[in-house]
Amino acid sequence: MSEVALLAQRSVVRTLRQPAMVVPSLVFPLLLLSINTSGLETATHLPGFPTNSYFQFALAIPFIQGALFSANSAGTNVASDIESGFLNRLALTPLRRVSLMLGQLTGILALGLIQALTFVVVGLAFGDGIAAGPAGVVVLVLLSLTISLAFGAIGAFVALRAGNGEAVQGTFPLFFAALFLSSMSLPRDLIETDWFRTVATWNPVSYMLEGIRSLVIEGWDAEALALGFACAGGIALIAVAAAGSALRTRMVRT
Amino acid sequence: MSRGSFFSVARAVAWRNIHNWATNPALVIPGVLFPMFFFTAFAGGLSRIDNVPGFDYGAGYTTFVYGFVLLQAATFGGVFSSFSIARDFESGFSRRLMLGAANRGGIVAGYWIAALVRALTNIGVITVVALLVGLEVHGSGIDIVGLYTLAFLMNAFALLFGTGVAMRLRTMQAGPAIQTPAFLLLFLAPVWVPYDLLTGWVQAAASVNPLTLVLEAGRGFLAGDPTKVLPAFAVVALLVSVSVLWARGGLRSAERVA
Amino acid sequence: MSDAAIETQGLVREFKKGPRAVDGIDLRVEPGEVYGFLGPNGAGKSTTVHMLTTLLPPSAGRAWVAGHDIVEDGAAVRATIGAALQDAALDPYLTGREHMKLQTALHGMRGAEARERSDALLQRVGLVQAADRRVGGYSGGMKRRLDLALALVHRPRILFLDEPTTGLDPQSRSALWEEVQRLAADRGVTVFLTTQYLEEADVLADRVGIIDRGHIVAEGTPEELKAEIGRPSVEAIPRDPDQLAYTKQVLARFGESVTGSPKGASVRLSGGDAQLAEVVRALDAANIEIQELQLHAPTLDDVFLAKTGRSLEGEAEREVAAA
């Protein structure tokens, strides 16, 4: 088995063996989706609201919330390896750093795939379907994986930089803020409060939500998809590069 | 021989908890930040909801959301304070308290005082932020006293409920067991829109959720239009009474293994 | 290129805003030797090990492990060494067998070879029964044994053990000692062992280097080092505790006072063990009834005391008290 496959396997196995990490990342977003849908269905009566179903509108949110849990899980796992000295053990083998990085990221993507498929199934079962059809589902999963990778790599970067789990937990409120200060609850053009609308417009999470939403509600919206992938992909690239650099510093070997 | 009374024990336990909380940013910051996020996200992001037909709350959407966030801060303040009890059991520190305190009821009282101080701080910060972003308070002085009394009673209920769970489970595994019911109690209620505008199963849940009464009474105080005051206080008094018994049972359970 | 198993010349490691953790260490370990690196906490033992295992670059000086320069040829060093460091460094969510599978694969072993090697090592460290349980449920002793097995996967010629028995019960400690002795005797593995336990260094090491505040203050076989001090100490515990001060006074003329039991008086005999009879006569003449009289041979702690003015065991007690 190649180094990457070996470490990817370990990453996936240890994630799946922590139900306390996996189950909330699936259950909580779905519970909130259900509550929000019932609570805010009347928002669809606002002039200009893009759909008659708040469920369809809100379906994009669990994909982002799931990615936040991925960030927490990835960061916690990396921090645990550092604190326990397991990273030093790996450093003493012929293992290449890039393999370790790729293996770690594979674990993030595995959890992200489980989340994405779960939310798609729920969306199809309880909603009005995905407007973009089967091909749209594939694109939706790809976008969701890119988002998971972006946040997961940020979590790994924080852990590698700080070397402990408390720092990872400390970033959770920041991720929360990023989600809340976006077009999470209403479309951007229906946000009345000026400063909030400005923040949401600058917030890349808004575009990730809108990219997913466009596939669910409208079908194929090239601009929304391009912006969604650009934001998620851009953050993923930067975060992976930062994590790689932090790994070079953390796993220093002569 | 110990001469500690109920009050001296309560004071000592309260001091320790307040000191630990105040000197640990990891404990202070979430209690303040989370309600603030909710407030800014919903008051800012959902402000157009007051244009929805049937939304007739006179004091505006910001005040409507503040009513919920206040109760959320108070309730979760009690919940987070009860985590420190679970932590004390897990670390073994509770054994020191149980052995050293002449009056063990004072231990629970001490935790409650600390919870009150935390809640006061969190609520204070959130209220200042709310005022800065346009909170309109139409209620009189008595209405405001009524509002904050409800909030602090909810804080006490949450703390006592969490205490009972923590003292029975005696590990940090109590965390989810405390947090989940509190979360459901808060969110299966008219959070973003009034009760009449809720739909589906959440409306059904809200119709039996005691917090719905408390929330509506609180929002009534803010709007200067007190509503369902007696039922709300009756419900909260009942919740606090039951939770006192629950906490006492937890203490007895913990004493059997101390 | 050095023919020693491990050789250092003026090895230094500085950290920002702190004293030098390692301040110019010269040492040489021959192939097949068990070298004990003894010193209190904070002396620089682990920092030295981290440098020699290529996990930390030195600030100055040079070192060679298995003939390879630790800075210029790190990969070659890592291929020839095994290390069980201070943390057991295990993943609590993997089983013992899965750890072995990962380690063998990372060292390029495949299929039957990897399986056989895993089984053999698990057998050797007594973890066959527990192999399929997650490591999170292992005791401290079991974790240490698995750690050692993982360090041996690729048959290293040189093994670094950083405080391997800290926190273990006496039984687990003995088991680990036996394994180290077997490795050195049967397989000719060079073992570089750091420890703060005198007995461990005494029992296991062919040679001992004593490190304090980043410097090696003494080096030699345990017998050589103790012989340098040469002189035994005598401890007298009076039957009547009120006579303790008087007992100390009587013994004071036979040598300098040393740390012993709080109930007794202890001195290092300036004239060696031949003075024992004089001590007994002096105590008798002073009408001091003695409950217990013991003659102690010099220990490595006495060596440390002689070289640094401090007791190694006293350092450990002070750290426990401070904690």
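What distance separates the centres of domain 1 of chain C and domain 2 of chain C, taken over C-alpha atoms? The separation is 36 Å. The structure is a predicted model, in which local features need pLDDT of at least 70 and side-chain atom pairs count only at pLDDT 80 or more, whereas totals for chains, interfaces and linings use all residues. Residues are numbered from 1 along each chain as its sequence is written, and chains are lettered from A and ligands numbered from 1 in the order in which they are written.

The two domains of chain C span residues 6-223 (domain 1) and 227-322 (domain 2), with bounds that come from an automatic or database domain assignment. Between them, 14 residues of domain 1 of chain C are in contact with 12 residues of domain 2 of chain C, contact being defined by C-beta atoms, placed from the backbone, that lie within 7 Å. On the domain 1 side of chain C, two or more residues each come from α7 (198-204), β9 (207-212), β10 (215-220) and α8 (222-229) of chain C; helices (H or I, at least four residues) and strands (E, at least two) are DSSP runs, numbered from the N terminus. This side of domain 1 of chain C comprises nine nonpolar, two polar and three charged residues. In this classification Ala, Val, Leu, Ile, Met, Phe, Trp, Tyr, Cys and Pro count as nonpolar, Asp, Glu, Lys and Arg as charged, and the others, Gly among them, as polar.

Strand pairing in chain C (at least two bridges found by DSSP between two strands) includes an open sheet of four strands in the order β2-β1-β4-β5, with antiparallel pairing. Strand β1 (residues 6-14) of chain C runs antiparallel to β2(C) and is joined to it by seven bridges; within β2(C), Arg28(C) is the bridge partner of Glu7(C). Elsewhere in chain C, strand β11 (residues 233-238) pairs in the antiparallel sense with strand β12 (residues 265-268) over four bridges, and Ser233(C) stands opposite Arg268(C) in β12(C). Strand β11(C) is also joined by six bridges to strand β13 (residues 290-296) of chain C, again in an antiparallel arrangement. Here Glu235(C) stands opposite Gln294(C) in β13(C).

Two pairs of chains are in contact, and of these chains A and B share the most contacts. Chains B and C are joined by no contact, and their closest C-alpha atoms lie 17 Å apart. The contact of chain A with chain B takes 24 residues from chain A and 26 residues from chain B. On the chain A side, α2 (19-40) and α8 (165-180) of chain A each supply at least two residues, and the largest share, six residues, comes from α8(A). By class, the side of chain A that touches chain B holds 14 nonpolar, seven polar and three charged residues. The contact between chains C and A takes 21 residues from chain C and 19 residues from chain A. Helices α2 (74-80) and α3 (96-106) of chain C are the elements that give two or more residues to the chain C side. That side of chain C divides into 14 nonpolar, four polar and three charged residues.

Helix α7 (residues 133-162) and helix α10 (residues 204-218) of chain A have axes that come within 9 Å and cross at roughly 165°; axes are lines fitted to C-alpha atoms, for helices over the stretch in contact, and angles run from 0 to 180 degrees between N-to-C directions. The helices α7(A) and α10(A) are therefore roughly antiparallel to each other, a term applied to angles over 145 degrees, with those under 35 counted as roughly parallel, 65 to 115 as roughly perpendicular and the rest as oblique. Their crossing is left-handed, the near helix being turned anticlockwise from the far one by less than a right angle, and right-handed if clockwise. Residues Gly136(A), Val139(A), Leu140(A), Leu143(A) and Ile147(A) of α7(A) meet Met208(A), Gly211(A), Ile212(A) and Leu215(A) of α10(A). The contact of α7(A) with α10(A) has seven nonpolar, two polar and no charged residues.

In chain B, helix α6 (residues 141-169) and helix α7 (residues 174-187) pack at an angle of about 150°, with their axes 9 Å apart. The helices α6(B) and α7(B) are therefore roughly antiparallel to each other, and their crossing is right-handed. Ala158(B), Gly162(B), Val165(B), Ala166(B) and Leu169(B) of α6(B) make the contact with Ala174(B), Ala177(B), Ile178(B) and Ala182(B) of α7(B).
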